[in-house]
Amino acid sequence: MSCFYFLCTKSMFYHARISRIASSHLILTITKPLQTLSTQSSPKFSFPISQSQQQCTQQRKPQDLLSLCSTTKSLLQTQQAHAVAITHGLLPISISISSALILRYAAFSADPTIIRTLFDQSLPFSRSAFLYNTLIRAQMIMGVADYSGFEIYNGMLRIGVAPDDHTFPFVIKLCSDFMEFRKGLEVHGLVVKSGFDYDVFVNNTLMFFYGNFGDLVGARKVFEEMPERDLISWNSIIRVFSDNGCYFEAIGMFRKMGLWSEFKPNEVSIVSVLPVCAVLEDGMVVSEIHCYVIKVGLDCQVTVGNAFVDAYGKCLNVESSRRVFDEMVERNEVSWNTMIGTFAHNVFNNHALESFRFMINEGWKVNSTTVSSLLPVLVELGEFSRGREVHGFCLRTGLECDVFVANALIDMYAKSGRSAQASAVFHKMGIRNVVSWNTMVANFAQNKLELEAIGLFAEMQSCGETPTSVTLTNVLPACARIGCLRSGKEIHASSVRNGSVTDLFVSNAITDMYAKCGCLNLAQNVFDVSLRDEVSYNILIIGYSQTSYCSKSLILFSEMVTTGMKHGTVSFVGVLSACATISAIKQGKEIHAFAVRRLFHEHLFVSNSLLDLYTKCGQIDLSQKIFDRIEDRDVASWNTMILGYGMLGDLRTAIDMFEAMREDGVEHDSVSYIAVLSACSHGGLVDRGKKYFNDMLAHNIEPSQMHYACMVDLLGRSGLMDEAINLITGLPFKPDGNIWAALLGACKLHGNVDLGSWAAEHLLELQPEHPGYYALLSNMYAEAGRWGEADRIRELMKLRGVKKNPGYSWVQVQDKMHAFIVGQRLEGLDPCLSLESVG
């Protein structure tokens, strides 16, 4: 509720005051001889007035003329009344008629210069703040209130005109609208000095002023020190607390109003406090207020009924919300929109669609709120065809021009995977807001158009729109998915400049971006200086689990306990992956036991992570036990077991599980075929491997580079080098490092140095910094007795600055994991302890 709530109430008194003051001014105009205004001092109006009108106006009394000027129905009538006042010599002498005309011109959005001329001509005859108040109010009516309002106020002070109880509310609202806090304090001081701090209207405005700046102490102090309060005072303080997120204080004031004040809650009080209950999801308080409303008979008010429908819905009490709606004596479009929104909020999507149909059948007009509430429901129901019908309806009725409807259409097309249609809606929008840009960035990011999302983010800023926290949390994952570190850093810098980096969701998105771009040091830096929640920890736990710093995942997992954070599914998946990477079977079993105590071991993702841990640690028997206890196995469960048995050399079991997978109702995916082809390769099962490869093609699974690498390895290990070469040369794309590495490994196995050199040439061109390939090629030359070429590869390795990563092992010391490399000493242990070699 804005200050206009009681300014409008005040205006009723203001109009009455015009009539009161009019009597004194009109008496003055009757006793004084009428004077003809000069052309310099009067506006140049020339309006045709009929003879009957002239006769009528000649007989008019000044009081009748004031009534005429105050009740004109159009700009033309206002101009005619203005002309009559001039011809009767009542302007610029009569302040009341001048004020009435100023307000009527403002009501019909006339040229501001006419209003200013009226004011300037009547000002010499004004002895109070009345005319100044009229001009300030006229500016507010026209919506052109700007800093000139302060000039008017300062001007009246300079010439010694004292502000009155009407001036202060208008000026205080200006201070609030233009965020002039210091000026507001100055005005408040003058209020006290002038003795108007007793005035209830002035104090009500001051409460909103302090509330608008978040100064709840000041607002409460004004309220408590008010010598007199009215109903608006209580409603205002409730709204101030509500708007500033002090929901319990708002409810407390509502209770005090009902128990201690002489004023009982009215319709405005109810409509103000129910959204507070909705935010808190306090259905009990909503029910209490509902009882009061029924007792005093306010339940017949349509606005009150709408508020209860909304409040019950947001408190997840759909049944009560529906009952209030059904029992409403009167409904309007807001009632139907609120009911549809309630169903949508509680995922009663079919009921929402049904309510929309009833709304149409009963002849209610569909507006932008209806459409923007309905479209997300159609998305959730997968009713894309009906969504397009709604789009067509919007085109026919012109609703597509509404920014809220257009935003909802963009969101619908984006979530349906139709980025082109979403873009078409976006580019046809005449007016866009920040939600439009955010929705479009999310559209590109969700539909794997990462570069377009980053480009639109830049375009958004070039068009003068300031990105919000929502914008950043949409575009940063796009940077992360394609490893676009430079753009990610630019967005990070932008968030630091505008202060949005302090937002928890933004800092988490930045941390995630750095982690997925492989810059865990930068991710750690952001983590260290930001607010943290469970998501913050999970990002780093997952990030470190994929690197050689896996032990940090274990440290962060333990730190979550000490900081009071609760572990979730992602936490367990990340830390178990870290244990699997470093083969930390002891810690893995401890985390397994911890997951059992917290009942997370039944979650499918955690179960699959446990399978991965035990298979990589060589304990396939434990993996099998866990696998047998999983009720709803997915493709990842089967793939993990197939890869595990294949890695341990139990190729027959791996192939049998691959065959049993489809019998269990789980379809093979691309990873399944990689697992079984790898098993066939290690077992030399060429024919079976070829059969599985053809079976994959028959199931329309497009082979990846890894599938072809498995086939090259299968053929190469079996000595079928010509078939391997034919497969490589016939690929529909350029072979990657895995394919050439598979061929190089086969050449080393069979001593085919020339073919191996050809494979190594392509391999070192693709990955010149990989030390393993240099070592493999050098060893192949050495085994063939070609020592000169072996030394040349070693020299090439040194020349390019490629170093082989030293072997290292993990050792647990006092519940902490430590990584050792050759010859390194560990602090905290016996100084004589040294690892001279690592197996």
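Which residues does UniProt list for "repeat: PPR"? The unreviewed entry gives residues 433-467, 533-567, 634-668 and 669-703. UniProt positions follow the numbering used here, feature names are shortened, and annotations may be inferred rather than shown by experiment.

## Model and numbering

This is a predicted model: local features need pLDDT of at least 70, side-chain atom pairs count only at pLDDT 80 or more, and totals for chains, interfaces and linings use all residues. Residues are numbered from 1 along each chain as its sequence is written, and side-chain values use heavy atoms, with hydrogens and water left out.

## Two of the listed repeats

Residues 533-567 are 69% helix and 0% strand. The end C-alpha atoms of that span lie 11 Å apart. Residues 634-668 are 74% helix and 0% strand, with end C-alpha atoms 10 Å apart. Helices (H or I, at least four residues) and strands (E, at least two) are DSSP runs, numbered from the N terminus.

## Helices H27 and H29

Helix H27 covers residues 469-481, and helix H29 covers residues 504-516. Their axes come within 9 Å and cross at roughly 10°. Axes are lines fitted to C-alpha atoms, for helices over the stretch in contact; angles run from 0 to 180 degrees between N-to-C directions. H27 and H29 are therefore roughly parallel to each other. Angles under 35 degrees count as roughly parallel, over 145 as roughly antiparallel, 65 to 115 as roughly perpendicular and the rest as oblique.

H27 brings Ser 469, Leu 472, Thr 473, Leu 476, Cys 479 and Ala 480 to the contact. H29 brings Phe 505, Val 506, Ala 509, Ile 510, Asp 512, Met 513 and Lys 516. Contact means heavy atoms within 4.5 Å.

## Asn 443

Asn 443 is found in helix H25 (residues 434-446). Its relative accessibility is 0%, so Asn 443 counts as buried. Buried means under 20% relative accessible area, exposed over 50%, partly exposed in between (1.4 Å probe, protein chains only). Leaving aside neighbours within four places in sequence, Asn 443 contacts Ala 414, Ser 419, Ala 422 and Ser 423.

## Cysteines

The whole structure has 0 disulfides. A disulfide is a pair of cysteine sulfur atoms within 2.5 Å. For Cys 479, the nearest cysteine sulfur is that of Cys 484, 5.3 Å away. Cys 479 sits in helix H27 and counts as buried at 0% relative accessibility. Beyond four places in sequence, Cys 479 touches residues including Ile 454, Met 513 and Cys 517.

Cys 579 is also buried, at 0% relative accessibility. The closest cysteine sulfur to that of Cys 579 is in Cys 617, 8.0 Å away and too far for a bond.
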